[in-house]
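Please view the sequence and the structure first, and then turn to the notes below.

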Amino acid sequence: LLQEVQHRTRNNMQVLSTLLKLQAMYLADPQARQIFDGLQNPLPEIAEECGFFLQRGVYKKPLSETLT
């Protein structure tokens, strides 16, 4: 189950990155395009961090225990 969650997380991050890239193609303002490009950069890192926590069982605990 955790592998499926990790797989879906990576896929969702890839979809978000692609949508941001497509939207940026239609922006005429260079500053707005730069902002959209900057939004894409952390997405693979977020997916990796999610996988890191999933592998270590962080999400198996109740949130209240995880935050303390």
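The model is a predicted one. Of the 68 residues in the chain, 21% count as buried.

**Secondary structure**

- The chain contains 4 helices and 0 strands.
- Read from the N terminus, the elements follow the order α-α-α-α.

**Confidence**

- The average pLDDT of the chain is 75, and 71% of the residues score at least 70.
- Helix α2, which spans residues 30–40, has the highest mean pLDDT among the elements, at 82.
- Helix α4, covering residues 63–67, has the lowest mean value among the elements, at 59.
- Where pLDDT is low, the predicted coordinates should not be read in detail.

**Contacts along the chain**

- Among contacts in the chain with a separation of 6 or more, 47% are accounted for by residues 24 or more positions apart.

- Ser17 is located in helix α1, which comprises residues 2–25.
- Ser17 counts as buried because its relative accessibility is 13%, and the cut-off for buried is under 20%.
- When residues up to four places away in sequence are not counted, Ser17 touches Gln40 and Leu43.

Note on methods
Residues are numbered from 1 along each chain as its sequence is written. This is a predicted model: local features need pLDDT of at least 70, side-chain atom pairs count only at pLDDT 80 or more; totals for chains, interfaces and linings use all residues. Side-chain values use heavy atoms; hydrogens and water are left out. pLDDT is the predictor's confidence in each residue, from 0 to 100. Helices (H or I, at least four residues) and strands (E, at least two) are DSSP runs, numbered from the N terminus. Buried means under 20% relative accessible area, exposed over 50%, partly exposed in between (1.4 Å probe, protein chains only). Contact means heavy atoms within 4.5 Å.
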